[in-house]
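Please look over the model before reading the points.

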Amino acid sequence: MTRELTGSEAAALAEALVPGSVDRTTETACYLKPDRLVETLRALRDDPDANLVHLTNLCGVDYWDHFEVVYHIQSFEKNHLACFKVEAWGRENPEVPSVTPVFHGAWMQECEAYDLFGIRFAGHPNLYRILLWEGYPGWPLRKDFLAMPGGLQPGLGEFAGVAPRQEPPVKVIE
Amino acid sequence: MTGIIKSEPFVINIGPQHPSTHGVFRIKATVDGEKVIDAEMVMGYLHRSMEKLAEERTYTQNIPFTDRTDYLSSMSNNLGYCLAVEKLAGIEVPPRGNAIRVIMAELQRLASHCMAIGAFANDTGAWQTPVMWAFREREKILDIFEVTSGARLTCNYMRIGGVAFDLRPEFEPMVRRILRDFPPFLDEMEGLLSGNEIFIARTRGVGVLTPEMATNASLSGPMLRGSGIAWDIRKADPYCGYEQYDFDIPIGYNGDSYDRFIVRLEEMRQSLKIIQQALDGLPGGPFRTEVPLALRPPKGEAYARIESPRGELGYYLVSDEGPSPYRFHIRPPSFINLSALKEMTVGGTVADAIVVLGSIDIVVGEIDR
């Protein structure tokens, strides 16, 4: 079984290699400081104990007041999987450093996160809207997409971020 | 030759409407003579914003969406999503449910690899015969899906906590017939293609990936195993009781298109082995645990992955205790397997680019979601 590292285990690995890189930890994830991100992930990739060589998954999440970028990185030899996160504050121009110098596989996934969330990845060689077209209004996976200026106008009733969420007609079976 | 013929580089579009792109996908290739010197991918023609749609629907209502991402392996996609929800909500699946899931996922792998190999042979110039042979066998598997779930392609058969229906009495004889008929078909296919001189000339040494490059580009599935890394999530991180079954991980050594083809062919033999074991030891009892229709998993996040026919298929879910996921992210194997497309095509000819794309085995519904 792949061992999923807890937040504090991942933080211990990161802190041992790059002191001062960890912001805080939760049960499942380790939050890294954005300015130390690339350095830390490179050290974790090259260190034989951590051996986090395969960036499996990269995605963004919108939490209204900030964005998170989630990195799931795994090791083939040690068979473990660690979850790192960085936060980007502000809705106008959220920015995190790009990890493409460390993992080539981040190239397309960062383009996707930029396309759908508007998170800029500083240092990405060619950040463009990979799924939608240039000039598409707004960032679709943001929670306030339909209320954005220039965004699509709601025509189907209530949407998240515009009105309180309605309960589905199905009742919970206890 | 006394002088050098000067040529100007120019751009040609392979796709979006081109049989070798297996959907609507475009490679903007800059060519110098017949040599590709730059390749750029253009995608998004099939973008349906599934991740946004899923945020407005309940966990159960999202299962049919997952069929439509990778429409050639809908069972695997259902399974990956259901596993993520089960991990998030802490739901146990009864042993019979797990065994049925394994059989379905492996049958789906057979069907999907049939398509991959047939279409790959088509791309290399073995016009129509291999693809028809592969489709003939794939039809029999789709018939099994139809008997069990009522649909051939978009099965929508897995449920959170198990599967939708129990197996019908026709199921077992139909699968036994597959187990009997498939090995001769694979031998036939291998005899037709793997020793074929033209096929070898078209695929050997084309699109070579070193293990380091494959790892760094986040590749998974037959792409990674073709480069010689024995990484299979069914072995490394078993789900649905895969640890009970005896099977091997086929790997390639050269990392070229031919090795990826051989890996797929051999994987089909291993899948048959798994189906045989699962069918022989199919446990009785319930096939599903009862789960509330409007499920509200506790606050948190979960990342669950499976070995889909194309590679690591992951679902990342975030719950805010609501009836629908706060964030629903798919880690699509075809999309990320394209990361190394430029490295594999640049330096080869245009005809090689087609072979490389065929060996990646993309499904555009999954790339664009």
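The points below take the chain interface, its salt bridges and a helix pair in turn.

The model is a predicted one. Chain A and chain B bury about 4200 Å² between them, and 4 salt bridges cross their interface. Within chain A, helices α1(A) and α2(A) pack at an angle of about 100°.

**Interface of chain A and chain B**

- On the side of chain A, 52 residues are in contact with chain B, and 46 residues of chain B take part in return.
- Carbon and sulfur atoms give 55% of the buried area of about 4200 Å².
- Polar contacts link 24 residue pairs between chain A and chain B, counted where both residues have pLDDT 80 or more.
- Four elements of chain A give two or more residues each to the side that touches chain B: the strands β4 (54-62), β5 (66-75) and β6 (80-89), and the helix α3 (106-117).
- The most residues on that side come from β4(A), which gives 9.
- Sorted by class, the side of chain A that touches chain B holds 30 nonpolar, 13 polar and 9 charged residues.

**Salt bridges**

- The count over all chains is 43 salt bridges, and 4 are found across the interface of chain A and chain B.
- B:Glu301 and A:Lys85 form a salt bridge through their side chains, with an N to O distance of 2.6 Å.
- This pair runs between chains, with B:Glu301 in strand β8 (residues 300-308) of chain B and A:Lys85 in strand β6 of chain A.
- A:Glu4 forms a salt bridge with B:Lys87, and the closest N and O atoms of the pair are 2.6 Å apart.

**Helix pair in chain A**

- Helix α1 (residues 7-17) and helix α2 (residues 37-46), both of chain A, have axes 9 Å apart and an angle of about 100° between them.
- The angle therefore makes α1(A) roughly perpendicular to α2(A), since angles of 65 to 115 degrees count as roughly perpendicular.
- From α1(A), the residues A:Leu13, A:Ala14 and A:Leu17 meet A:Thr40, A:Ala43 and A:Leu44 of α2(A).
- The residues of this contact between α1(A) and α2(A) comprise 5 nonpolar and 1 polar, with no charged residue.

Methods. Residues are numbered from 1 along each chain as its sequence is written. Chains are lettered from A and ligands numbered from 1 in the order in which they are written. This is a predicted model: local features need pLDDT of at least 70, side-chain atom pairs count only at pLDDT 80 or more; totals for chains, interfaces and linings use all residues. Side-chain values use heavy atoms; hydrogens and water are left out. Axes are lines fitted to C-alpha atoms, for helices over the stretch in contact, and angles run from 0 to 180 degrees between N-to-C directions. Angles under 35 degrees count as roughly parallel, over 145 as roughly antiparallel, 65 to 115 as roughly perpendicular and the rest as oblique. Contact means heavy atoms within 4.5 Å. Ala, Val, Leu, Ile, Met, Phe, Trp, Tyr, Cys and Pro count as nonpolar, Asp, Glu, Lys and Arg as charged, and the others, Gly among them, as polar. Buried area is the accessible area (1.4 Å probe) that two parts lose on being put together, summed over both. A polar contact is a pair of N or O atoms within 3.5 Å; within protein, one must be able to donate a hydrogen and the other to accept it, and residues adjacent in sequence count only if both atoms are side-chain atoms.
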